[in-house]
Amino acid sequence: MAAQTELERRLEQRSQYIRPARLQSSGRLTRVVGLTFEAIGCSAGIGSLCAVETAGGEVLAEVVGFSGDILFLMPADDAHGVIPGARVRPLIDQVGIPLGIELLGRVIDGAGNPLDGLGPINTQRHGTRQHKKMNPLARRPVREPLDVGVTAINALMTVGKGQRMGLFAGSGVGKSVLLGMMTRGSTADVIVVGLIGERGREVKEFIEDILGEQGRKRSVVVAAPADQSPLMRLRGCETAAQIAEYFRDQGLNVLLLMDSLTRYAMAQREIALAIGEPPATKGYPPSVFARLPALVERAGNGGDGQGSITAFYTVLTEGDDLQDPIADSARAILDGHVVLSRRLAESGHYPAIDIESSVSRVMPQVVTPEHLQHAMAVKQVYSTYQQNRDLISIGAYSKGSDPRVDKAIQMLPLVEKFLQQGMLDIAPFDDCVAVLGQLANRAG
C-alpha cells in the first residue's frame, strides 16, 4: 500500500511536465472575395495565423472573423497564385515579435521582421498579440513635463510624461518634419516610431533625412507602407504600441510617434467591410471607433516602478476638415491636440503650429503657475492680432483706437520669431520657458 502511494505521488509530480498533443486539422479554401479568404474544415480563434497554400508556396493569413463553420482570413502579403481548394493549415506555435534592447536602431515591419538588412534580431523575449489592460487606478498621474525640443510645444502647450497628444494636419504641411524634430530634441529614453500607410519613398527619407543618425540610435522604427495589406498596416500600429509597452515596463520613458492614426482606422475599415460589417459614420464601421480608444489607451504612465509612454498620434484631416469622423473621435479620446495650419505653412512659418487651435489638457498640472500665466499672455497677444488681421491688412485700423491691438501689432514680429524654428534646431525646455517669460513681460 505504501509502495502504491509513493508511485501515485511520483506520477503526480511527473504529470505536470506532460503536455497534451496539440493536433490541428487542415482545412481548404472555398472562396476568395476581394481581400478576404473563406475556409472550411479547420478551427482557429480570432487573431490566429494560418498558412494558405499557393502556387508559389505558403502565405500567412490571419483569422479576422467567422460565420458558422466558415473562417474569414485576411492575407498578410500578396495572395498571387491562390488556387481553389487550397490547403489552409492553422499554425499552432506562433512566434511573436522580438522584444529587447536589441531593437534600438532597427527598422522592422508589422510582424517584427527586419527591413534594414542588418541581419536577424536575436532577443531573449518575444511578445504575443494578447494585450493585458491596465487598471486605470494603477496608473501614475501626469505630473512631469517632457521636453520635446520644439519651442511652440514646450512653451505654449507643454506635454507631460504619459500624455497622449494628437497632431492634426492636412497633407504637405510638415507633420513628418515635426515628428523628426521631436525625435532629435526629446529627452525620452527610447523613441518608437510607427510609419503606417505612408508612401514607401517617405519611409527611407524619414529614417535617413528627418530622423538622422543620432535620432536612430535610440529609436525603433516600425514601417508598414501603403502598398502592404491592411492587416499588416493594422498590425504595424499594434506592434509599435507593444514595443513601447515593453520599454515602459522596464522603467524607461518612451516617446511613441504614430504616423498615422487615420491610416490605422482606414486599415480596420478595409478589413471590416471585407468581412461584411455594415458601414456606419461616413463609411466607417462601428469596429473602427471601438479600436481607436483601445489603441490609444495602451499609452500613458505605468504603475509604480514602471516608466511612461508619451504618445503623439498624427491625424490626417482631409481638406483640412477637423470635423472628419476620425479626427472628431481622436480629439475626444486624446489629452490634447496640436493643429498644423496650411496658411502658416504657405507663408513659410515652420513649424506651422496654430497656437490658437492647439491645446494641451494636462499643461496646468505639469508647469508652474508663472509659466501658465506667461503662456496665456503670449497667446492672447497673438489671438488679438489674428482677430483684427483683416482690418490691419487693409489699413482700416487707426493706431491708438485700441491699446491691446497696438500692443499686438508691436509684439507680433517677436512672437512669430519665437515660434519659428529650423528643422535641425533643438530648443531646450528651460530656454523656451525663459524666453517666454521675457515676451510675456514685454506684452504686459
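**View 1. The domains of the chain.** The domain assignment, an automatic or database one, divides the chain into domain 1 (27-90), domain 2 (97-364) and domain 3 (371-443). This is a predicted model, in which local features need pLDDT of at least 70 and side-chain atom pairs count only at pLDDT 80 or more, while totals for chains, interfaces and linings use all residues. Residues are numbered from 1 along each chain as its sequence is written, and side-chain values use heavy atoms, with hydrogens and water left out.

**View 2. The interface of domain 2 and domain 3.** The C-alpha centres of domain 2 and domain 3 lie 30 Å apart, and 25 residues of domain 2 are in contact (heavy atoms within 4.5 Å) with 24 residues of domain 3. The area buried between domain 2 and domain 3, that is, the accessible area (1.4 Å probe) lost by two parts on being put together and summed over both, is about 2300 Å², and carbon and sulfur atoms give 62% of this area. Thr151, Leu156 and Ile355 supply 25% of the area that domain 2 buries against domain 3, more than any other three residues.

View 3. Arg331 lies in helix H8 (residues 325-333), where a helix is a DSSP run of H or I with at least four residues, numbered from the N terminus. With a relative accessible area of 19%, Arg331 is buried, a term that means under 20% (1.4 Å probe, protein chains only). Leaving aside residues up to four places away in sequence, Arg331 touches Phe168, Leu322, Gln323, His337 and Arg361.

Definitions and conventions:
Helix = DSSP H or I, 4+ residues; strand = E, 2+ residues; numbered from the N terminus. Buried < 20%, exposed > 50% of the residue type's maximum accessible area, 1.4 Å probe, protein only.
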